[in-house]
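User: I'd like to go through a structure with you, piece by piece. Here it is.

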Amino acid sequence: MSHSVRAAPPVPASPEQPVRPRSSIGNRLLVRPEVGALVAALVIFVFFLAAAPAFRSAESFFTVLYQASTIGIVAVGVGLLMIGGEFDLSAGVITTSAGLVSSMFCWWFGVNLWIGALLSLIFCLFVGFVNGWLVMRTGIPSFLITLGTFFVLQGANLGVTKLVTGSVTSPDISGIDGYDSLGAIFSSSFKAGPVTVWITVIWWVLFVAVATWILTRARVGNWVYAVGGAPDSARAVGVPVVRTKIGLFMAVSFLGWFVGMHTLFRFNTLQAGNGVGNEFLYIIAAVVGGTLLTGGFGNAAGVAIGAFIFGMTNLGIVYAGWDPNWFKAFLGVMLLLAVLVNLYIKKMATARRTA
Amino acid sequence: MTLIEMSGVGKSYGAVSALHDVSLSVHAGEVTCVLGDNGAGKSTLIKIMSGLHPHSCGVMTVDGSPATFASPREALDRGIATVYQDLAVVPLMEVWRNFFLGAELTAGTFPLSGFLSGMKIKDMKRIADEELRKMGIIVNDINQPIGTLSGGQRQCVAIARAVYFGARVLILDEPTAALGVKQSGVVLKYVAAARDAGLGVVFITHNPHHAYLVGDHFIILKLGAAVLDKPRAEVTLDELTTQMAGGEELAELSHELGR
């Protein structure tokens, strides 16, 4: 969003055109979508610094960033999609589908992994297209359409893997051509002083930057907010609503493919049942980051902070030596708080500010 | 200067005649008010001018040459813009984004072209603010969500937008119908501002008081035909009000009720 906190030039007063008082900077900060998440992130950060001694190192900070990036990359897409007014429940399981398509194709036919990665990309974009096309064509809520895709992919992941390999684990790809070059792109890490930086963190920052640019500065960003906020009005002024929404579904499946490739090249083999449940983590990251469930409001930085909170608590609980099972309960509380804060912010944002 | 001239224009939907033999002219710098009860044919008249339905008889000329519009786009290309009651704004988006929605100013070179092209945000904000000021609308902040404006102000932004994107004829469909007294006043001021800017305004309403405040010419429709067609000099507010309230029918009714 492009709210700016600098003062606009003073409005010349004239008797016929009353000058209205400007809203305070505090008020204007409040209506920025990511402010709530930023405050929460700081509180949680300080909390774990105090509670978990192991948390207090640069090393563990970068581990948190890595953890956050594996959720955050797809969450960027899910956030954009939610700003555009739609959901994608198949976003978690498609990461596994992406890896399985790639690894099993290359293993079965004995071809270079680059071909598998490309094929998998086409497959994922196609799934995204079908999601978007069905939603726009039928008018059925995306929640239901993508719930369908979610189950189709989940079943197919297990079924096809069993047919091909005889088990629910995909074959090891580390001996196939192209492993090293693709591994460098998707799943390498390097040392920077004492810390290990995973390349997904770099990619995550890049994707967040691109999404921010699109939302704030690109023409299509204007359309994303419009199709989420008031699709009928958007159509009436000539915004290509159908193309914009289908594009958003495809962006989510592209990022799902990206994380799928990372998981594949990190572990060389995949469990066909994995990925289920991650779709909710993406949605939680987006909502905690200030994205409105009903569309039309949010930004990429907020979603990134939401993912960072996820990474922090996920590891913080372990570092503090607590039972990790509490993690889910914590996420639930965060989600509920975020929804309440968002509701309040939306009210603030649309409350009449006329004197 | 006559922008639109309609003579003997009619429209039938199958066997039903929704509008017959209506004559009307829209002049630059004047407000033509079209009044009428529900079902009087106001909407049909707008639809002919804004290009949603072509007329079935009579002649409509735009800038002196006969015209029949096949789509709203054709009407827009001739400078005829319609602001409907539902405002076509997105409440959570900033005022400047709404102002340019669907017609963003872009500066893009490949590969950042087309839908990915960057917007000229500074220009867009400046122009939106300038155009709104021309209409006398001063917003706190061009970056505030348009949902924070009142219904009347939003209507005015829609008008300013139509003016900026080249409208010469502005058709306003019941702009004050959903508004309170104070907000209606705001909208009427901007109707007058559009008129003073040299636009031909067609103001559709069922409120004779609002019409009389800004109108230069009045047409009252009843059952698809014009029952009154007079310039301001020849008509009084009482006459408009009586006609709108039912005119002779009302007199008859009052006689029958005998109180």
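User: What should I know before reading residue numbers and contacts?

Analyst: Residues are numbered from 1 along each chain as its sequence is written, and chains are lettered from A and ligands numbered from 1 in the order in which they are written. This is a predicted model, in which local features need pLDDT of at least 70, side-chain atom pairs count only at pLDDT 80 or more, and totals for chains, interfaces and linings use all residues.

User: What are the ipTM and pTM of the complex, and what is the mean pLDDT of chain B?

Analyst: The predictor gives an ipTM of 0.81 and a pTM of 0.81 for the complex. Chain B has a mean pLDDT of 85, with 98% of its residues at 70 or more; pLDDT is the predictor's confidence in each residue, from 0 to 100.

User: Chain B then. What is the strand order in the open sheet of six strands?

Analyst: The order is β6-β9-β10-β3-β11-β12 in chain B, and the pairing is mixed. Strands (E, at least two residues) and helices (H or I, at least four) are DSSP runs numbered from the N terminus, and two strands pair if DSSP finds at least two bridges between them.

User: Which strands stand at the edges?

Analyst: β6 (80-83) and β12 (225-231) of chain B do; each has a single partner strand, so one side of each lacks a neighbour in the sheet. On average, neighbouring strands of this sheet are turned by 15 degrees against each other, direction ignored. Axes here are lines fitted to C-alpha atoms, for helices over the stretch in contact, and angles run from 0 to 180 degrees between N-to-C directions.

User: How do β11 and β12 of chain B pair?

Analyst: In the antiparallel sense, over six bridges, with β11(B) spanning residues 217-222. B:Lys222 has B:Ala225 as its bridge partner, and B:Ile220 has B:Leu228. Two residues lie between the strands of this hairpin, where B:Leu223 takes a positive phi near 50 degrees.

User: And B:Gly36, buried or exposed?

Analyst: B:Gly36 counts as buried because it has 24 C-beta neighbours inside 10 Å. The cut-offs are 20 or more other C-beta atoms within 10 Å for buried, 12 or fewer for exposed, and partly exposed in between, with C-beta atoms placed from the backbone. B:Gly36 is in strand β3 (residues 31-36) of chain B. B:Ile220 is 184 residues away from B:Gly36 in sequence, yet 5.5 Å away in space, C-alpha to C-alpha.

User: Switching to chain A. How many residues of α12(A) are buried?

Analyst: 10 of its 11. Among them are A:Asn278, A:Glu279 and A:Ala285. A:Gly290 follows α12(A) and has a positive phi, near 100 degrees.

User: What does A:Ala285 touch?

Analyst: Its contacts (C-beta atoms within 7 Å) include A:Ile71, A:Val303 and A:Phe310, not counting residues up to four places away in sequence.

User: Last one: what covers the buried residues of α6(A)?

Analyst: The cover includes α4 (93-109), α5 (113-138) and α12 (278-288) of chain A. Buried residues in α6(A) include A:Ser142, A:Phe150 and A:Thr161. Just after α6(A), A:Gly166 takes a positive phi of about 80 degrees.

Definitions and conventions:
Contact = placed C-beta atoms within 7 Å.
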